[in-house]
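Hello,

Here is the structure I promised to pass on to you. Have a look at it first, and then read on for what turned up.

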Amino acid sequence: MKLRSKISIANLIVNFFFLVIAGISLYLIVQAAVFSELDEHLENHKSDLIERFENNEISLQTIDEIGSIGTYEWIELQPVSGSVDLDEDEYSSVSKSRFRGEPAERYRQLRSIILIDGREYILTVYEEIAGWESITGSILIGTLVLLLIWYGVTFFGNEIILRNTLKPFFSTVSKLRGIRSENDFNITFPTVGTDELNELNQALNTMLAELEASFSRQKQFIQNASHELLTPLSIIRHKTDELLNNESLDEESVLEISKIQQTIIRLKKLSNALLTISRVENKHYSTDGDINTQDILTEAISELQAFIENKNITLEITNNKLPVIRGNTELFHSLVYNILQNAVYHTPEQTTITIEAPETEDLLHLVISDSGPGISDEETEKVFERFERSAENGGTGNHGLGLAIVQSICKLHEWNCFFEIGREKGAAFHLIIPADL
Amino acid sequence: MRALIVEDEPLLRESLENHLEKEGFTIDTAERKQTAEQLITADEYDLLLLDLGLPDGDGFDVLSTLKSTGADTATIILSARGELEDRVKGLEFGSDDYLPKPFSMLELTARIHAVLRRRYKIHDNFVKAGSLTVHLDHNTVSLNDHPIDLTDSEYRILRYLALNKNKTVTRFALSEHIWGDKVDERFSLDFINSHIKNLRKKLSEQNVGDVIKTVYGIGYRLEDS
């Protein structure tokens with residue numbers, strides 16, 4: 001769920017509770033105020049009545065007859081018979097009809113015991129509530145409507161405020177999402193007005209700078225290490241060369257020395273491949289030249305021709321003329337050469353390697369498929385990793401860096417390359433160069 | 001044989017490349033000092049053609065790097081700087097020859113042959129092994145003055161064995177010197193085997209004695225049978 005929606009929903013829930021509590025309390029407060037006002041009236045009536053009795057302005061009979069005196073709404077006087085459980089004034093709300101046959105109405109009543117001519121009477125004074133209730137209702141409704149409006153305004157207001165204050169946050173998130181490889185570490189997050197977001201951005205900047213620095217240190221180290229290894233390895237190699245032609249050594253020693261030399265040559269090839277990868281990764285190659293891909297493909301095929309013939313492999317080339325693209329010719333050659341060589345190696349004798357360039361909207365889509373044992377789904381993911389070899393050729397002296405070189409070249413140029421399981425069998429290498437590059 | 005051309009002028013580099021290709025070399029090129037130094041420490045070359053003024057440094061550095069690896073690559077400096085000082089410095093840094101620009105390709109060819117002869121300690125432009133003669137200057141092999149028809153790869157193998165006559169050439173070295181370093185040893189070694197087989201077959205058809213000796217587990221050696 002989105003952050004903004006979460007905050008809005010939380011706001012809605014809090015506001016809803018506030019609304020309910022405010023509504024109930026308002027209702028209770030208004031009602032209490034109304035009742036206290038009514039009760040005061042009733043109390044006044046009572047005192048007034050007692051005063052009038054004392055001054056003989058009114059008689060019991062009159063009250064019996066008309067049920068009210070002057071402004072009094074409605075009073076009842078009943079002589080106390082037996083014992084009455086009434087110690088002091090008792091206020092309550094009742095529903096009652098004043099005249100027989102009329103519908104009942106809501107009244108506030110005050111019951112108390114008064115003395116008239118030495119006799120105890122129960123005096124009940126009534127005051128209508130209905131009029132007050134409609135006032136209470138109006139106040140309540142008015143207030144609730146106001147609250148609802150406020151509710152709406154805060155909801156949309158929040159939405160707008162959140163959207164604006166969180167804008168830098170969302171821009172940070174989308175930038176982070178844009179990071180696909182170590183080449184994207186060079187982005188900077190801007191300074192923004194919100195302290196926390198600012199802290200986040202600065203922390204990310206520091207982190208990315210550290211990551212970038214550590215990646216580049218690592219790459220630089222690999223480059224230096226492989227470079228530094230090459231010279232001593234060359235020296236050992238030349239020394240073994242001299243030993244191999246030393247007449248005084250016996251056959252067995254010569255054989256052992258030759259094995260040492262083979263190992264050294266492998267080690268040199270390994271260092272050299274690592275050096276190439278790190279030089280590509282460290283961007284030592286310029287990628288803004290023109291590559292005549294058709295020429296390079298033809299050249300790579302002719303360089304491998306002897307091996308293709310030696311294995312009686314048929315090359316099926318069905319591509320149209322390939323385009324001229326931007327990039328580094330040397331690296332493109334290395335890419336095509338590595339892939340073709342790989343295909344020649346994996347394809348059994350007297351089978352076929354196909355080179356196609358299907359029609360697409362992309363600038364170039366090159367597919368090189370072999371008829372070898374193919375690769376599994378799992379391997380298509382791993383095949384480009386350094387030192388990754390398929391189980392089938394694990395025992396050979398191959399350093400397993402050929403495809404890692406290919407991958408580093410694709411990454412440098414932002415080309416898309418991957419392996420697929422071939423249509424019939426074997427493995428198919430795809431190189432896709434988008435038109436917008 | 002492998003050659004490295006270090007030259008930053010693209011047109012000259014290309015024509016040198018074409019020329020050496022015709023001479024049967026496997027060629028790598030570099031336009032910058034850094035690339036040249038990497039190639040020279042990583043690979044084995046028989047010949048280095050070196051321009052002194054490179055965009056990222058001095059060609060003499062490449063010579064020092066080469067020297068530090070202990071390689072005995074034959075080196076010819078090609079330079080527009082014709083000063084005596086540079087020539088002397090170049091020779092002192094271990095270069096075998098110095099050719100001031102501009103030069104003719106014919107002269108370059110002659111000098112290449114000369115430095116290679118010196119490197120392999122041979123005196124003529126041909127090597128004899130039994131009744132077989134390997135001509136180094138015009139890419140042919142003959143038996144008692146009758147040329148033998150060989151493929152390009154076969155000639156290159158035989159020539160490299162001839163240059164190293166009476167020395168063991170490992171299959172690795174042979175593969176490297178014929179196809180360069182790019183080829184994967186996974187199949188280049190088998191490939192050498194099958195080429196040597198063909199070569200022996202052709203030579204025995206011509207009644208040449210067994211001049212190519214197999215050094216078990218290591219490689220081959222050309223001898224007078």
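**Around Asp28 of chain B**

The side chains of B:Asp28 and B:Arg2 make a polar contact, at 2.9 Å. Please keep in mind that this is a predicted model.

B:Asp28 sits in strand β2 of chain B, which covers residues 26-30. Is B:Asp28 buried or exposed? Its relative accessible area is 18%, and the cut-off for buried is under 20%, so B:Asp28 counts as buried. Leaving out residues up to four places away in sequence, B:Asp28 touches B:Arg2, B:Ala3, B:Leu4, B:Ile5, B:Leu39, B:Asp43 and B:Tyr45.

**The nonpolar cores**

The largest nonpolar core has 104 residues, and the members that touch the most others are A:Leu335, A:Trp415, A:Leu431, B:Leu47, B:Leu174 and B:Ile212. Which helix gives the most to this core? That is helix α8 of chain A (residues 329-346), with nine residues.

B:Leu47 is worth a click in your viewer. Not counting residues up to four places away in sequence, its contacts include B:Arg2, B:Ala3 and B:Leu4, which are also among the residues that B:Asp28 touches. B:Leu47 also touches B:Leu20, B:Phe25, B:Thr73, B:Ala74, B:Ile76, B:Ile112 and B:Val115.

There is a second, separate core of 17 residues, and B:Leu39, B:Leu48, B:Leu66 and B:Tyr98 are among its members. B:Leu39 is one of the residues in contact with B:Asp28, too.

**A sheet in chain B**

Chain B has an open, antiparallel sheet of four strands, in the order β8-β9-β10-β11. Its edge strands are β8 (126-129) and β11 (146-147), each of which pairs on one side only. Helix α6 of chain B (residues 152-163) packs on this sheet and touches β8, β9 (132-135) and β10; the direction of the helix makes about 100° with that of β9.

Strand β10 (residues 140-143) runs antiparallel to β11 in chain B, and two bridges join them. Opposite B:Ser142 you will find B:Pro147, in β11 of chain B.

**A glutamine in chain A**

Last, a look at A:Gln223, in helix α5 of chain A (residues 195-244). A:Gln223 has a relative accessible area of 6% and is buried. What does A:Gln223 contact, leaving aside its neighbours within four places in sequence? The list is A:Leu275, A:Ser278, A:Arg279, A:Asn282 and A:His284, together with B:Gln34 from chain B.

Best wishes

How values were computed: Residues numbered from 1 in each chain as written. Chains lettered and ligands numbered in written order. Predicted model: local features only at pLDDT ≥ 70, side-chain atom pairs only at ≥ 80, totals over all residues. Heavy atoms only, no water. Pairing = 2+ DSSP bridges. Contact = heavy atoms within 4.5 Å. Axes fitted to C-alpha atoms, helices over the stretch in contact; angles between N-to-C directions. Core = buried A, V, L, I, M, F, W, Y, C linked by side-chain atoms within 4.5 Å. Buried < 20%, exposed > 50% of the residue type's maximum accessible area, 1.4 Å probe, protein only. Polar contact = N/O pair within 3.5 Å; in protein donor to acceptor, adjacent residues only side chain to side chain.
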